[in-house]
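Visitor: I am new to this structure. Please show me how to read it.

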Amino acid sequence: QVQLRESGGGSVQAGESLRLSCMALRGTISNYAIAWFRQVSGKDREFVLGATWGLGSKFGGDFVKGRFTISRDNEKNTFYLEMTSLKPEETATYFCATVDRPRYNPTAFDEPLEYKFWGQGTQVTVSS
């Protein structure tokens with residue numbers, strides 16, 4: 001079983017940056033596809049960015065282009081979401097996730113049901 005824990009959330013001003021971390025407390029995720037989602041209370045979970053295992057190809061929504069980056073450090077069993085130029089409408093709880101087995105890439109990275117293991121979420125608040 002993989003257990004994930006996010007950290008790095010907080011309150012920032014519009015235009016500022018933040019880096020979220022997701023550490024696997026149990027299990028090794030070096031060969032796992034990974035992803036970040038976000039959710040505003042009362043709305044569906046929204047896909048932010050994902051990365052395949054292996055070559056590390058990355059996928060994300062249009063809104064992240066040039067602003068958000070997903071990366072991983074296998075030695076630390078941790079992956080990251082770097083966010084720049086944050087906007088107030090991006091205030092949400094951010095979740096990291098991974099799939100249920102190694103060497104498997106989701107057919108649809110933006111589908112929450114593709115992911116079995118989730119962190120508890122970390123709040124990001126962007127003020128104008």
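Visitor: How many positive and negative side chains does the protein chain have?

Guide: Lys and Arg count as positive, Asp and Glu as negative, with His and the chain ends not counted. Each charge is placed at NZ of Lys, CZ of Arg, CG of Asp or CD of Glu. Here there are 15 positive and 14 negative side chains, and the centres of the two sets lie 5 Å apart. This is a predicted model: local features need pLDDT of at least 70, side-chain atom pairs count only at pLDDT 80 or more, and totals for chains, interfaces and linings use all residues. Residues are numbered from 1 along each chain as its sequence is written, and side-chain values use heavy atoms, leaving out hydrogens and water.

Visitor: How many helices and strands are there?

Guide: Both are DSSP runs, numbered from the N terminus: helices are H or I, at least four residues, and strands are E, at least two. The protein chain has zero helices and 11 strands.

Visitor: What share of the residues is buried?

Guide: Buried means under 20% relative accessible area, with a 1.4 Å probe and protein chains only. Of the 128 residues in the protein chain, 42% are buried.

Visitor: Which residues touch the most other members of the largest nonpolar core?

Guide: Nonpolar side chains tend to be buried together in soluble globular proteins. A nonpolar core joins buried Ala, Val, Leu, Ile, Met, Phe, Trp, Tyr and Cys residues through side-chain atoms within 4.5 Å. The largest has 36 residues, and Trp-36, Leu-81 and Met-83 touch the most other members. Strands that each supply at least two residues of this core include β4 (34–39) and β8 (78–83).

Visitor: What box do the C-alpha atoms fill?

Guide: Taken along the principal axes, the box is roughly 40 × 30 × 25 Å.

Definitions and conventions:
Buried means under 20% relative accessible area, exposed over 50%, partly exposed in between (1.4 Å probe, protein chains only).
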